[in-house]
Amino acid sequence: MNKLLVLHNPLITEDDTMDASQKVIWDCVWFGNYPQTEIKQTDVEYLLLQNVEGWDNNGDIVINNNVINNNVINGTKYHRMLKGDATYSKSGSSMYYSWEDDTTYHYFRYEPVKWRVLKTDGNVAMLLSDIALDDRKYNAKRESTTWETSTIRSWLNGYNADMNQEGISYSITNFINSAFTYEEQSAIADTNIVNNDNLYCSIEGGNNTNGGNNTNGGNNTMDKLFLLSESEVYTNNAVTYGFVSDNRVDDEAKRCKSSDYAKAMGLCSITSAGCKGNCWWWLRSPGDSSNSAVCVNYYGNVCNYGDYNNYHGYGVRVALNLKLSFSNFYTYAGTVCSDRTVDILE
């Protein structure tokens, strides 16, 4: 039990050496598990995973009571995938994962998920995954949609086919059941998700100074898992989470790296110095049309016009509200800083 664990809101200090002119430190927690680190051919588990039987329909297996080179593997969960399982694959680009063929399985270890604490009121903490955990299209097809009817919402929460306009059931293969046990899911609060219209773009074209109607955000929803919105990553509402209020600023607090697994699923990572390894990630807000969604780029500024909602290569940073009274399901994970230099477990 974590009776003495007290989580804090982000600590924000002025710092002119940062692009955003501020430095932010977040408390973090470990909660749930998801495929993250790749098992390489040089790793002790690789040969075992190649030969073991009993993989389930989701491509998962739990290894119990195995000893390899004096290393005990007991209760560790793994995921395997082929190139064809990825959302997107591309050869010959250093920005994408390298797949050598279509028939060789690649293996990934389930590991605890680190979450940044964006806000806490004493009873519930709003969390954002520290890295992009997966690569998914916002919507399976490039069609007019909102968060309510998008496939990414259904995939995150494990909804049936009648909950998205593409008619795809995610009741079996989804994020929530992969990342959390049923007991852990009880620690996640149902959240009223407010789906505002795009804050910047008019459906008549250009920005909202034209006086047009902004792209419709759709109905509000009630979900356990969600993506952040425009107003939660910039505007004055986002300042307390550690984000700067100007969407045009290169904000270190919004920059995002990713897991090995997310890269294998198709995520695109920049290779240039300074932002090496950073990725784009989806927000739930609509872009400049109803078939696009807003996103955050490599440098940490918000692209209000968004990109086509069936585009590949964008990361999924999951958000949720954690019931702090369920203290046996999460543990303290130290702190992380927007300059990426602080990661202390106390």
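In this predicted model, G92 is found in the loop that runs between β6 and β7 (106–120), where helices (H or I, at least four residues) and strands (E, at least two) are DSSP runs numbered from the N terminus. With a relative accessibility of 88%, G92 counts as exposed, a class that stands for over 50% relative accessible area, whereas buried stands for under 20% and partly exposed for what is in between (1.4 Å probe, protein chains only). G92 and K23 are 69 residues apart in sequence, and their C-alpha atoms are 37 Å apart in space. Residues are numbered from 1 along each chain as its sequence is written, and side-chain values use heavy atoms, with hydrogens and water left out. Because the model is predicted, local features need pLDDT of at least 70 and side-chain atom pairs count only at pLDDT 80 or more, while totals for chains, interfaces and linings use all residues.

The confidence of the prediction is given by pLDDT, which is the predictor's confidence in each residue on a scale from 0 to 100. The chain averages a pLDDT of 92, and 93% of the residues score at least 70. Over residues 203–212, however, pLDDT stays under 50, and for this stretch the model has 17 contacts beyond four places in sequence, a contact being a case of heavy atoms within 4.5 Å. Where pLDDT is low, the predicted coordinates should not be read in detail.

In soluble globular proteins, nonpolar side chains tend to be buried together. A nonpolar core is here a set of buried Ala, Val, Leu, Ile, Met, Phe, Trp, Tyr and Cys residues joined through side-chain atoms within 4.5 Å. The largest such core holds 73 residues, of which F175, F180 and L228 touch the most other members, and β2 gives the most to this core, with 6 residues. When neighbours within four places in sequence are left aside, the residues in contact with L228 are L118, M126, L128, V233, F243, W281, L283, R284 and A319. A second, separate core is made up of 11 residues, among them Y46, I63, I73 and Y78.

Two pockets were also examined. On a 1 Å grid over the protein atoms alone, a pocket is an open set of points where a 1.4 Å probe fits, with protein on both sides within 12 Å along at least five of seven lines, and lining residues have an atom within 4 Å of a point. Grid points are joined across faces, edges and corners, and a volume is the space filled by probe spheres set on the points. The largest pocket has a volume of about 350 Å³, and among its 20 lining residues N58, H79, R136, T173 and Y261 lie nearest its centre. Two or more residues of this lining come from each of β2 (22–39) and β6 (76–81), and β6 gives the most, with 3 residues. The lining divides into 10 nonpolar, 7 polar and 3 charged residues, where Ala, Val, Leu, Ile, Met, Phe, Trp, Tyr, Cys and Pro count as nonpolar, Asp, Glu, Lys and Arg as charged, and the others, Gly among them, as polar.

The second largest pocket has a volume of about 220 Å³. Its lining consists of 15 residues, of which M126, N192, E232, Y241 and R284 lie nearest the centre. The elements β10 (191–193) and α5 (230–233) each give two or more residues to this lining, and the largest share, 3 residues, comes from β10. By class, the lining has 5 nonpolar, 7 polar and 3 charged residues.

Several individual residues complete the description. In the loop between β1 (11–14) and β2 lies S21, which has a positive phi of about 60° although it is not a glycine and which is partly exposed, with a relative accessible area of 39%. M18 lies in the loop between β1 and β2 and is buried, with a relative accessible area of 9%; apart from neighbours within four places in sequence, M18 is in contact with K23, E252, S338 and D339. D130, placed in the loop between β8 (124–129) and β9 (134–135), counts as buried at 8% relative accessibility. G334, in strand β18 (residues 331–337), is buried, with a relative accessible area of 0%, and its C-alpha atom is separated by 7.2 Å from that of V29, 305 residues apart along the chain.
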